[in-house]
Amino acid sequence: MNVGGGLQFLFTTLFNLYLYIVIARFVLQLARADFYNPVSQLIAKITSPLLRPLRKVIPGFGGIDIACMVLFLGLVLLKIFLIGILFGQSQVLGPQIVVYTLFSAASTIINFFIAVIFISVILSWIAPPGHPLGDILRQMAEPVLGPARRILPPMGGLDFSPMIVLLLLYFVKVTFGL
């Protein structure tokens with residue numbers, strides 16, 4: 001029985017869920033998504049306690065929420081540091097922690113967009129139009145799907161952009177070992 005591995009999995013999963021919520025907050029602001037949607041209200045309430053103090057120190061710039069990105073990178077660094085201390089993985093606590101943090105942040109962002117696109121596609125098949133979660137997921141996926149939609153020609157009412165973007169995201173993950 002591997003209790004340490006199970007605890008590390010649980011810790012990492014819960015930490016990653018909060019990281020996904022922080023990324024969602026940033027992407028929702030970037031995409032200028034519907035703030036009055038119940039899902040975006042929930043995301044704002046969950047992230048506000050940590051973002052509010054940061055925003056007093058770190059201003060936004062050009063419509064980009066720098067404080068949200070600093071919070072995200074800080075949380076990724078904290079996750080790596082805590083995993084190194086709590087689960088005896090001291091190899092990540094050396095000077096290479098900055099590089100490991102950047103790779104982990106990139107991997108988390110790619111995994112976030114893969115999940116958003118995949119769930120958005122599934123919900124488009126089963127959820128009724130106007131469903132709050134489906135609407136928010138479509139708005140969050142638009143920053144990565146929009147360029148693909150502009151490049152691909154119309155294909156008789158079928159949207160192949162999610163498939164193309166998912167292939168590109170997996171290609172990046174495999175190529176860079178994320």
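Which residue's side chain meets that of Asp135 in a salt bridge? The partner is Arg138, with 2.7 Å from N to O; a salt bridge is here a side-chain nitrogen of Lys or Arg within 4 Å of a carboxyl oxygen of Asp or Glu. The structure is a predicted model, in which local features need pLDDT of at least 70 and side-chain atom pairs count only at pLDDT 80 or more, while totals for chains, interfaces and linings use all residues. Residues are numbered from 1 along each chain as its sequence is written, and side-chain values use heavy atoms, with hydrogens and water left out.

## Overall architecture

The protein chain contains 6 helices and 0 strands, in the sequence pattern α-α-α-α-α-α. Helices (H or I, at least four residues) and strands (E, at least two) are DSSP runs, numbered from the N terminus. The C-alpha trace spans about 55 × 40 × 35 Å along its principal axes. Of the 178 residues in the chain, 35% are buried. In this report, buried means under 20% relative accessible area, exposed means over 50%, and partly exposed lies in between, with a 1.4 Å probe and protein chains only.

## Salt bridges

By the rule stated above, the model has 4 salt bridges. Three of them are listed here.

| Salt bridge | N to O separation |
|---|---|
| Arg55 with Asp65 | 2.4 Å |
| Arg138 with Asp135 | 2.7 Å |
| Arg149 with Glu142 | 2.5 Å |

Arg55 and Asp65 form a salt bridge. Arg55 belongs to helix α2, whereas Asp65 sits in the loop between α2 and α3 (66–86), so this pair ties together parts that are 10 residues apart in sequence. Arg55 is partly exposed at a relative accessible area of 34%, while Asp65 is buried at 10%.

Arg138 and Asp135 both lie in helix α5, 3 residues apart, which is about one turn of the helix. Arg138 is partly exposed, with a relative accessible area of 35%, and Asp135 is partly exposed as well, at 24%.

Arg149 pairs with Glu142 in a salt bridge. Arg149 has a relative accessible area of 36% and is partly exposed; Glu142 is also partly exposed, at 35%. Through salt bridges that share partners, Glu142, Arg149 and Asp159 are joined into one network.

## Pockets

Rolling a probe the size of a water molecule over the atoms shows where empty space is left. On a 1 Å grid over the protein atoms alone, a pocket is an open set of points where a 1.4 Å probe fits, with protein on both sides within 12 Å along at least five of seven lines; lining residues have an atom within 4 Å of a point. Grid points are joined across faces, edges and corners, and a volume is the space filled by probe spheres set on the points.

The largest pocket has a volume of about 340 Å³. It is lined by 15 residues, of which Tyr20, Ala24, Phe112, Leu137 and Met140 are the closest to its centre. Helices α1 (3–30), α2 (38–57), α4 (97–126) and α5 (132–151) each give two or more residues to this lining. The lining of the largest pocket comprises 15 nonpolar residues, no polar and no charged ones. In this division Ala, Val, Leu, Ile, Met, Phe, Trp, Tyr, Cys and Pro count as nonpolar, Asp, Glu, Lys and Arg as charged, and the others, Gly among them, as polar.

The second largest pocket holds about 230 Å³ of space. Its lining divides into 5 nonpolar, 2 polar and 4 charged residues. Among the lining residues are Arg138, Glu142, Arg149 and Asp159. Both α4 and α5 supply at least two residues of this lining, and α5 provides the largest share, with 5 residues.

## Surface features

A nonpolar patch on the surface is formed by Met155, Leu158, Phe160, Met163, Ile164, Leu167 and Leu168, which together have about 650 Å² of accessible area. Patches are made of residues with over 30% relative accessible area and no salt bridge; like charges are joined within 9 Å, and nonpolar side chains (Val, Leu, Ile, Met, Phe, Trp, Tyr) within 5 Å. Accessible areas come from the Shrake-Rupley method with a 1.4 Å probe, and for residues only the protein chains shown count as cover. Ile164 is located in helix α6 (residues 161–176) and is partly exposed, at 34% relative accessible area.

Arg32 lies in the loop between α1 and α2. Arg32 has a positive phi of about 55°, although it is not a glycine, and is exposed, with a relative accessible area of 68%.
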